Structure formats: C-alpha cells, structure tokens
Amino acid sequence: MKNKMMACLILMTFLMAAGIYLYESKFQEMPASQTGGYIKWVDFNASKEAMKKACLMDIETYESEVHLDWITLLSYAAVRGGGEFDNKSTAYLEEIAKKLTAKEITQEELKEKYKYFSYYYEAYSGVLGGMLGEYEIEDESGNYQKRYGLKAFSPIAKGFQYQDYDDFGVSRSFGFKRQHLGHDMMGLIGTPTGI
C-alpha cells in the first residue's frame, strides 16, 4: 500500500511540474494582451543614442501639425530590431518619423501592421511615460514659464551622498528565471552635505 501511495505522489508531482513548465513556456513570449492584460517581463535596452534622438525629435515637433511621440518612435525601432538596439536603430527612427510626418502611416496602423508594436509601446510607456512633456519652471522674477521637454529627475535629494557600483560578475535571480545583473546604490550614513 505504501509503495502505491508513494508512486501516486511521485506521479502527481511529476504531472504538476510538467503542467507548470508547459504553462510558463506557453505564456512567456506572448504579448501582454494575450497573457491576462499585463506584462510580466520586459528587457528595456534602448541605446543612449536612440533615446536621445527620439527625445529630440519629440521636442522639436511638439507644436507641429504631426507631433512625433518618442515612445512610438522607440517602439517602432524595437519592433524593427527584434527588441535590440544597434547601429541601425537611429535609421529606423528616421524612417518612421518621415512616414508619420508625411501621414503615410498612423500609430493605429503600426499596431495593426506589426505584431509586437503594442507590446513594446505598453512596455516603454511603463518605463518612459511621464518623463517627457509639459512642465513649468520658475524664472528669476518669480514667474512660472511653461516649457516642454525632459522632466525626469533624480529621486535622490541634493546634498545626500551615495556610492554606486555595478555588480560585475555577480548575478542574482530574486526567484525569477532571468538573472539580475544589477547596479547597486548605497546611501552614506549621516546628515546631508551642502545644505
């Protein structure tokens, strides 16, 4: 009797493990719209050059007839580059900027034409959303001037010291399949300096 129970437990464990494996492998590469409405993981590896170019194109076209949204531009470059940003990425940005400006294609048509455009757009909106837009800044006379541009800032207050370092050669999983190749920041104990 004990042998049958043990065999049954082993079989059930094996079936559960196989079910979990199949579930994970089935849903790992699907767009967010097909995995329950949320993105489980995204590699954000947009290059500095592509982000800078897309940001400047967005700012330059702010009050133009066709405003080029930097998230749309970067999403297109990601689709064309298979999620990777290389030396062709800036050419992809220029390519889609010309098409959008000439009204040859719209953002809605990009969603229909490219299978993963919506996925990248949603993922990049989560990372970059709100970093570029309208803001007000106080001038020397105390009046506020409306501006448009990059409005993201460092969350570390002025005068608070910290040290940072890359985790070279060290990877941690934090319970997920993908490894964390992190960048650690460590605050220094004490009072803020320069205040």
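1. In this predicted model, Leu68 is located in the loop that connects H2 and H3.

2. Neighbours within four places in sequence being set aside, Leu68 has contacts with Met57, Asp58, Thr61, Leu73, Ala97, Leu100 and Thr101. For the pair Leu68 and Ala97, the separation is 29 residues along the sequence, while their C-alpha atoms are 6.9 Å apart in space.

3. Ala97 also takes part in the packing of H4 against H2. Helix H2 covers residues 48-60 and helix H4 residues 89-101; their axes come within 9 Å and cross at roughly 20°. Because angles under 35 degrees count as roughly parallel, H2 is classed as roughly parallel to H4. The hand of the H2 and H4 crossing is right-handed.

4. On the H2 side, the contact with H4 consists of Glu49, Ala50, Lys53, Ala54 and Met57; on the H4 side, Ser89, Thr90, Leu93, Glu94 and Ala97 contribute. Sorted by class, the residues of this H2 and H4 contact are five nonpolar, two polar and three charged. Met57, one of the H2 residues in this contact, is also among the residues that Leu68 touches.

5. The largest nonpolar core contains 32 residues, of which Trp70, Leu73, Leu74, Phe85, Leu93 and Tyr124 touch the most other members. Two or more residues of this core come from each of H2, helix H3 (70-80), H4 and helix H6 (117-128). H3 is the element that gives the most, with eight residues. Leu73, named above among the core members that touch the most others, is in contact with Leu68, and Leu93 is also part of the H2 and H4 contact.

6. Which residues does Trp70 touch, when those up to four places away in sequence are not counted? They are Met51, Ala54, Cys55, Asp58, Leu128, Met131, Leu132 and Leu150. Asp58 is in contact with Leu68 too, and Ala54 is one of the H2 residues in the contact with H4.

7. Concerning the chain as a whole, the secondary structure amounts to six helices and four strands. Their order along the sequence is α-α-α-α-α-α-β-β-β-β. The protein chain has 195 residues, 25% of which count as buried. Considering contacts between residues at least 6 apart in sequence, 49% join residues at least 24 apart.

Methods. Residues are numbered from 1 along each chain as its sequence is written. This is a predicted model: local features need pLDDT of at least 70, side-chain atom pairs count only at pLDDT 80 or more; totals for chains, interfaces and linings use all residues. Side-chain values use heavy atoms; hydrogens and water are left out. Axes are lines fitted to C-alpha atoms, for helices over the stretch in contact, and angles run from 0 to 180 degrees between N-to-C directions. Angles under 35 degrees count as roughly parallel, over 145 as roughly antiparallel, 65 to 115 as roughly perpendicular and the rest as oblique. A crossing is left-handed if the near helix is turned anticlockwise from the far one by less than a right angle, and right-handed if clockwise. Contact means heavy atoms within 4.5 Å. Ala, Val, Leu, Ile, Met, Phe, Trp, Tyr, Cys and Pro count as nonpolar, Asp, Glu, Lys and Arg as charged, and the others, Gly among them, as polar. A nonpolar core is a set of buried Ala, Val, Leu, Ile, Met, Phe, Trp, Tyr and Cys residues joined through side-chain atoms within 4.5 Å. Buried means under 20% relative accessible area, exposed over 50%, partly exposed in between (1.4 Å probe, protein chains only).
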